[in-house]
Amino acid sequence: MCAMEMKKESLPVFTGEGYRIQPHSDHERLYNIELEAHVIDRFLEEVRNISDEQLEYIPYQRLIVANTLLELLDENFGETIRHILHDRSSGGFTVGLSNRTTDPQDYVKFSTALTHLAGIPNFDAMSQKYYARFSVKHTDDSDSYLRQAYRRFTLHTDGTYVDEPTDWLLMMKMEEENAVGGSSRLLHLDDWEEFDYYYNHPLASYPFTYKAPASKNVSEDVQRKTFYDWNNRPCICFIDQFVYPETIEQAQYLKGLSLSMEESSGLIELELPVGDLVMLNNRFWLHGRAGFEKNPQLHRELLRQRGRFVQ
Ligand SMILES: [Fe+2]
C-alpha cells in the first residue's frame, strides 16, 4: 500500500474538562487545541511567581509548570497530547493563549508546560538553554537561513547535526510587526507524492555527513541516513544547508529530494497568530518558512523547543 492511501478520513474530536481538541480548519492532519479562557487565566495566575530564570536554572520547575496546567484540565490531557504527537495520521497540533496575555514570559511558561507534557527538551546549543528565542528582521548577517527574512527557508527536519534524538519540535510566535508572508510551510511525509522514489533509492540509507555552522555552537560532525525506521514506519532526517555530499550523484539525489518536497501538493502554509504555537512530530513532519515581503520595519520573534519523548 502506498503512503498516500494511509491517510485517515478525518481525525477524531477529543473533549475534556477545560479543553476541546478538534481537527484544524486549515489542515486535515493537524489538530487545534482550544483551552477555555478561565483555564488560561488560572494557569498564568498560578505560575506568576515562577521567573524565567528559575525555569532556566532549576529543571524540575519546568515539570512543575507542566503539572500546573495538567491540574486545571482532566487526567487524560497529557496522554492525549502524547498520543497526537505519536499518531502517524496526525503528529501535530496548534494551541494558543487566546489573547489572554501578551507577556513574552507567559509565552515561555506556556510553551514549557506543553513540551514537558510531551517529554523533555534537548539543550539548545545556540541559546545555551532548553529553549531558544530568535528574531527575523530586515537585515541579517548570520550564517544560516534561520534569520534571513527574504529567502524561503526550505523544508527540513530539526536536530540533523546533533547526536541525540529529536522526536518533536515546538515553534511559538512571540512577536510580530510589519510582517507580510513568512508563513510556516509544513509537509507530512505521507502526503509527499514522490516519497516512494526517494525512499527506495540506493542513497536513501547512505550515512551523509552533517555539520553545523558556527552560530549553532556544535563542533562535532554526525552521520545521518536520510530515511530510517522508527516505530516500524519510515521517517526522514534532512536539511539542505548542513548536509555534505561527497559525489555529484549524492548532490543530485539531495537536490532532487529537496525540490520534490518543495513542489509537493501536500505542502501547506500555516499562519500562526502571536501567542500561538505549533507542535509537530519531527520524524515524519518537515517544516520551513516562506519568504517575507520586503519591509525595513519587519520584526518577528519566535521561540523554539526541540526534544525527545520520555519512555
Ligand atoms: Fe527548523
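How many bridges pair strand S9 with S17, and in which sense? I looked this up to begin with: S9 (residues 184–188) and S17 are joined by five bridges, and the sense is antiparallel.

**Ground rules.** I am working on a predicted model, where local features need pLDDT of at least 70, side-chain atom pairs count only at pLDDT 80 or more, and totals for chains, interfaces and linings use all residues. Residues are numbered from 1 along each chain as its sequence is written, and side-chain values use heavy atoms, with hydrogens and water left out. For my labels, helices (H or I, at least four residues) and strands (E, at least two) are DSSP runs numbered from the N terminus. I call two strands paired if DSSP finds at least two bridges between them.

**The sheet around S17.** I followed the partners of S17 in turn. The whole is an open antiparallel sheet of four strands, in the order S7-S17-S9-S15. S7 and strand S15 (268–270) are its edge strands, each pairing on one side only. I noted an average twist of 25 degrees from one strand to the next; for such angles, axes are lines fitted to C-alpha atoms, for helices over the stretch in contact, and angles run from 0 to 180 degrees between N-to-C directions.

Is S17 enclosed or open to the outside? Five of the five residues of S17 (residues 285–289) are buried, so the strand is largely enclosed by the rest of the structure. Buried here means under 20% relative accessible area, with exposed over 50% and partly exposed in between (1.4 Å probe, protein chains only). In a regular strand, side chains alternate between the two faces of the sheet. In S17, I find Trp-285, His-287 and Arg-289 pointing one way, and Leu-286 and Gly-288 the other.

**A second sheet.** I then turned to an open sheet of three strands, antiparallel, ordered S11-S10-S14. Its edges are strand S11 (222–225) and strand S14 (243–244). Strand S10 (residues 207–210) is joined to S11 by four bridges, and Tyr-210 stands opposite Val-222.

**Two helices crossing.** Helix H3 (residues 59–72) and helix H5 (residues 104–118) pack at about 90 degrees, their axes 8 Å apart. They are therefore roughly perpendicular, a label for 65 to 115 degrees, where under 35 counts as roughly parallel, over 145 as roughly antiparallel and the rest as oblique. Contact (heavy atoms within 4.5 Å) involves, among others, Leu-63, Leu-69 and Leu-70 of H3 and Leu-114 and Leu-117 of H5.

**Two loop residues.** Asp-74 sits in the loop between H3 and H4. Asp-74 is buried, at 16% relative accessible area. Beyond its neighbours within four places in sequence, Asp-74 touches Gly-16, Glu-17 and Tyr-19. A polar atom of the Asp-74 side chain lies 3.2 Å from the backbone nitrogen of Glu-17.

Ser-89 is in the loop between helix H4 (77–86) and strand S4 (92–96), and counts as buried at 10% relative accessibility. Its side chain makes a polar contact of 2.9 Å with that of Asp-87. By polar contact I mean a pair of N or O atoms within 3.5 Å; within protein, one must be able to donate a hydrogen and the other to accept it, and residues adjacent in sequence count only if both atoms are side-chain atoms.
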